[in-house]
Structure formats: structure tokens, C-alpha cells
Amino acid sequence: MNIAIVGAGDIFFKEEKFIKEEYNITTIADNGKAGKMVAGYQCVAVNELAGKEYDKVLICSKKYVQELKAQLNAIGITEHKIISITDIIDDLHRRHDMAKYNADREEYNRQYFERENSAFMFCQKYETPMLKDYRDSAGSMDLHYYSMDILVAKRIIEDCPEHHYDIGSRIEGFISHLITANIHTTVIDIRPLDVWNPGAGIVPLEFIQADATNLETIPDNSIKSLSSLHAVEHFGLGRYGDAIDTEACFKAMHAMQRVLAERGRLYFAVPVGKENRLYFNAHRVFEPNTVMEQFRSLELEKFFIIHNLEIFEYSKEDFKNDLYGCIIGDYDCGIFIFYKNKEILYKNKV
């Protein structure tokens, strides 16, 4: 089947191989790339498709399907000639995956019978098809969290506290880094967690299931090292089974200041942006000065912004200037490292 592609973005390039195996591409149209060479084709504007030859038009977009359909309809391309990548991609993958699997199985059996004394013979009884892993990347990585976890863990490990407490951070990322460094760690989370002592010299993780909004069971000035990475933005929104509370995020920040010991450090991260926003019930985004105001009884040691996968480092002095006005986006990661200074605490009671 001859097709015209509409939309030459990330989805097209990701699925180009599968599309070309199934269809013959005659034209690529993309308003933003008209006149340029795309995948070996001279790209045209969408309104130029009216004079081209093809059997179907394939929209390679998930976000702008309706808008692109409207543009196509406006130049006389009817609905029955339009297909969407979202409608066909699962079927394309399924057919390609099975063809690859069958070919791989045949090749394995061919090699097996050509060799002597091979230990692993194919047996249909134990056949366990795993069809799509080859299409995945080498690892599942959210670079936002990946950078944050390593950056903060590195500083805690360098500080080497006897006992570190954490509220709601990632167990499989950040917390595992601390355990690897033999740091005695206690995690507090409203959700349950099955923990065990794995042995082999690995420091066991301690866990407390509790609502961390008020930290009611923890005495004042008792924790020397405390963290909460990408957790407080969710407090009070009900997403994780907690009660609805419009002030929960601020209550939690005040509680952290209360339990932090003199000369103790708090490692705190939340989404930051140019203004305070609520994305109910997913999360909040904080304007950085909102966080600074809530932690006014602590002294800022360092502030980091992860913006467009780059890390920018600043000091407390930089907050006197409009430091984030030119580099902060609508959703970045803000990492604050605070220190509990008795003089600051005296001046600014929470």
C-alpha cells in the first residue's frame, strides 16, 4: 500500500522501520519541516498533499491527531483515506515481533543441530516467548530522577551520617545508593513496604509506615540527616491514599524543620517552576521562593536546578538575584540542601 506520512517527529523516526516494512512511503508532509530532506524524502507542507498520489495518509502523531485530521479534511482528504499511527502500531509490532521470534527460533535450532555436545536443546514444553524486549532501550531511566538521586546520595555519603532518615524517596534509586554505602537508613512512607534483612553483610533497610505530614512520633531536634526527594509535592492530594489537605505540603516542611537536629542537614527536592501550580491530583510545582519561605528557620547551603537534563548549582547568595528567571522552566527539579543553624532558628521561629 502506498502511503503519505503526516508528521515527521519522534514517533515517525521511532517506528520508521516497522512502517517501511508494511507500507511504501510516497510522500512525507510536516509543516515545520517543509522543504527539508526527511528520511530521504523531500518534505512538503500538509496542504500540498492534495496533489500527491497515495492510497492512505498515515498520521504519525499521538498529540495532534484531531488537528491534523482537520487540516487534511480542509484540503479534501476524507476520513476513509486517513489512518493514525495509534490505530495500527500495535498490529505492526505484533506481526514483526512474531516474525522475528520465529526466525530466531529457527536459527537457534539450526545452530544447535550443527554443533556437538550443546547443553541447551530447544523444547516446546518450556518455550517462553518474550517478543518485544528488543524494542526497548538498554535501561528504563528517568534522567530527572536519575540525576537527582545520584547528586543527593553522593553528598550524603560524603557527609557519612551515623543514621539517615528519609521521607518518601525512591527505594530502588536513591535509598539503594545509601544502603550500598553502609549508611543506616530509615524510610517513612504512608504506603506499606515489605522489608527484610538480606544478609551477606548488606545493611538492612528500616521502615516506618506513617503519615509524614506532621511526623508526630519523632521528637524535636532529633534527626541529624534527613531527606525527602520528590515526595512532598504529592502530600494532601489523595493520590497515595493520604487524606485531602490543601496545606499538607507546608505542614510537612514545618515538621521537617522541627525534627531536624541542630547542625543537621535536610536534603529536599520538589518540582520547581516560574510560578506555583497545582496539577490535581498528580503533584504541585513550587516557585523556589515559596520553598525558601517555608524553610526560613534553616540556612540554605546549596541549591540545584535540573533543567533540560543539565544541573545548575547556586548558593544562598544567588537567591538575592533573579537567579532562576532565565533558566527555570515550567517543570524542573529543585534540590535544596539546608543546614540547621541555632542562630537562624532563634531569629526565625517556625
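Me: Before looking at how two helices pack, what does the angle between them refer to?
Reply: The axes are lines fitted to C-alpha atoms, for helices over the stretch in contact, and angles run from 0 to 180 degrees between N-to-C directions. The model here is predicted. In it, helix 1 (residues 10-22) packs against helix 3 (residues 85-114) at an angle of about 60°, and their axes are 10 Å apart. That makes helix 1 oblique to helix 3. The crossing of helix 1 past helix 3 is left-handed.

Me: Which residues of helix 1 and helix 3 meet?
Reply: From helix 1 come Ile11, Glu15, Lys17, Phe18, Ile19, Glu21 and Glu22, and from helix 3 come Ile85, Ile89, Leu92, His93, Arg95 and His96. By type, the residues of this contact divide into 6 nonpolar, 2 polar and 5 charged.

Me: Turning to the sheet, in what order do the strands of the open sheet lie?
Reply: In a regular strand the side chains alternate between the two faces of the sheet. The open sheet here has 8 strands in the order 9-8-7-10-11-16-14-15, and the pairing is mixed. Strand 9 (206-209) and strand 15 are the edge strands, each pairing on one side only. From one strand to the next, the twist averages 15°.

Me: In what sense do strand 7 and strand 8 pair?
Reply: Strand 7 (residues 163-167) pairs with strand 8 (residues 184-189) in the parallel sense, over 5 bridges. One place to look is Asp166, whose bridge partner in strand 8 is Val187.

Me: How do strand 14 and strand 15 run?
Reply: Strand 14 (residues 299-307) and strand 15 (residues 310-314) run antiparallel and are joined by 5 bridges. Ile306 has Ile311 in strand 15 as its bridge partner. The hairpin of these strands has 2 residues between them, and Asn308 takes a positive phi near 50°.

Me: Which strands does helix 5 lie across?
Reply: Helix 5 (residues 171-180) lies across strand 7, strand 8 and strand 10, and runs at about 155° to strand 8. Helix 4 (residues 143-159) lies across strands including strand 7 and strand 16 (332-339), and runs at about 15° to strand 16.

Me: How many aromatic pairs are found in the whole structure?
Reply: A pair of aromatic rings is described by the distance of the centres and the angle of the planes. A search of the whole structure gives 7 aromatic pairs. One of them is Phe268 with Phe295: the ring centres are 4.9 Å apart and the planes are at 65°, so the pair is edge-to-face. Phe268 is in strand 11 (residues 260-272) and Phe295 is in the loop between helix 7 (288-294) and strand 14, so the pair links distant parts of the chain, 27 residues apart.

How values were computed:
Residues are numbered from 1 along each chain as its sequence is written. This is a predicted model: local features need pLDDT of at least 70, side-chain atom pairs count only at pLDDT 80 or more; totals for chains, interfaces and linings use all residues. Side-chain values use heavy atoms; hydrogens and water are left out. Helices (H or I, at least four residues) and strands (E, at least two) are DSSP runs, numbered from the N terminus. Angles under 35 degrees count as roughly parallel, over 145 as roughly antiparallel, 65 to 115 as roughly perpendicular and the rest as oblique. A crossing is left-handed if the near helix is turned anticlockwise from the far one by less than a right angle, and right-handed if clockwise. Contact means heavy atoms within 4.5 Å. Ala, Val, Leu, Ile, Met, Phe, Trp, Tyr, Cys and Pro count as nonpolar, Asp, Glu, Lys and Arg as charged, and the others, Gly among them, as polar. Two strands pair if DSSP finds at least two bridges between them. Rings of Phe, Tyr and Trp (its six-membered ring) pair if their centres lie within 6.5 Å; planes under 30 degrees apart count as stacked, over 60 as edge-to-face and the rest as tilted.
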